[in-house]
Amino acid sequence: MKLAAVLAAVDRLAPFEIAEPWDSVGLQVGDRDAEVRAVLVALDPTMVALDHAARRDCQALLVHHPLVREPVAAVTAHSYPGDLILRAASRGVAVIAAHTNVDKAHGGLADIICTALRLEGLTPLAPARMDWYKLVGFVPESDLDAVRTAIFAAGAGTIGDYIHCSFTIPGEGTFEPGVRAHPSIGEVGVQQRTGELRLEAVFPRALRRAVSDAFVAAHSYEEPAFDLYPVDDEVRTLGLGRIAYLGAPCSLEQFAGEVAALFGMPAIRYEGDGERMIERVAVLPGSGASLIDEAAAAGVDALVTGDIKYHDADRADRLGLALIDVPHEIAEGYAMRHWTTQLAEELRRDRVTVTFLEQPRRLWRRLALSTETEETMTGLAQRHNHADDRTLLYVDGGSRGNPGPSAIGGRLVSPDGEVQEEFSDTIGTTTNNVAEYQALIAGLELALDRNVSKLTVHSDSELICRQLTGRYKVKDERMKGYHTQATALLQQFQEVDIKCVRREENAEADRLVNEALDAAAR
Ligand SMILES: [Zn+2]
């Protein structure tokens, strides 16, 4: 299907016109006429996301955080976002941004989280501000139906969940046709008075041309009179964040625990008296400290949001508003992953596949001094026990002679111990360390292609283990390239660790390497 049709599908779920006026949404890089077979959805536009899209044969990357936000003065390889724009173009990956339109939309990010928390009676926290225009046109009664139908068809008259909205009021128009005029009413040089209706309707700024053209085309006058006004409107049924009710009141601490459980967070930060009973809450995934005043004014008990600064918490405290802090990327990552299934459903008929890139961007790292401290600090038990849902990857690379004929081998083993796939290939003449890296990279790519999100890698190369865990510096230029590539791949897993094992424990991967080398030697 064409990229334009993918954009139309996104627009059906989260109309681009409801995005905040300052926001940049829609197609940011690409050609509307390009063919799309698969779409990758990610939180952020990064090199990793673009490369991942290209490798998985996705012709479009839909991101929540826009790639292009402001006018870009130059697109060059060594500036942001030029570097990403060029990479997207060279790899044939279109970039679509769906940001505040997905935040606000029905079934959007805030709705997804509220629903998952089993909240009820959802209404917007901050009504949507619309970047609208209003057409005020003057029409004879006989033209009214045709003109109204035409401007509605051009996109005017939609307010929230209502379509075909307009207003008319009768009045009297005056005019005198000039010598070159061909009036449909009256005569040249004679002053006319005629009964007309004033017709008004709003529409998104982008439709100015379409709506005024439709008005003129459907009107019977040679020179219809109309005005276009910018309006600062808001829509009550759409907006950022949601206010909602808990099914049953509970303590702030209990609710904070439910929020933590939803996002799989081992600990959560909140502000307010933990014993306080809460019933009505506001939810704003991402960054929502700017709506603390609105939430307090709406009289909600607690606001669930992220990116909260110390002084924000202080202000909320003074306003009697409790806060539950869910990191920006955790709330939005969760919600975008679920929104992806809506888009996948929307595009299923056209056989366009849509997948979400589990892309934990490790902007923040965590250092836990001991499990005990963590538990006393948060009062929440650690929920970690990941070993049993990990896929295992065994990789090995070897060369006969250093450098010499080399080969790579590896196997992917499912969490229940079943061998899923093996690879065994020669890679020409190189060194042992290069072969080890190439084996690792091939194994990681295989795991990503098989949609593995939690992985434990086994390697018997001490160099690789130490370089990837940061204990050895990478000095060799050639190794640096492999190291960067492997690191970028490792970042695409939701959870990953590298286990340095003894050669005997990696016997199967070693066998695959030797098989490839033996076959080549024959
Ligand atoms: Zn965000």
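1. Helices (H or I, at least four residues) and strands (E, at least two) are DSSP runs, numbered from the N terminus. The model is predicted: local features need pLDDT of at least 70, side-chain atom pairs count only at pLDDT 80 or more, and totals for chains, interfaces and linings use all residues. Residue numbers start from 1 along each chain, as its sequence is written.

2. N451 sits in the loop between α13 (432-449) and β17 (454-459). Although N451 is not a glycine, its phi is positive, about 60 degrees. N451 is exposed because 10 other C-beta atoms lie within 10 Å; the classes are buried at 20 or more other C-beta atoms within 10 Å of the residue's own, exposed at 12 or fewer, and partly exposed in between, with C-beta atoms placed from the backbone.

3. H164, also not a glycine, has a positive phi of about 55 degrees. Its place is in the loop between α6 (144-153) and β6. With 13 other C-beta atoms within 10 Å, H164 is partly exposed.

4. Two cis peptide bonds deserve a check. One runs from Y80 to P81, with omega near 0 degrees; P81 lies in the loop between β3 (60-63) and α3 (82-90). Another runs from N402 to P403, with omega near 5 degrees, and P403 lies in the loop between β14 (391-399) and β15 (404-413).

5. A181 is in the loop between β6 (167-175) and β7 (192-204). A181 counts as partly exposed because it has 15 C-beta neighbours inside 10 Å. Leaving aside residues up to four places away in sequence, A181 touches V188 and E222, where contact requires C-beta atoms, placed from the backbone, within 7 Å.

Notes: Two residues are in contact if their C-beta atoms, placed from the backbone, lie within 7 Å.
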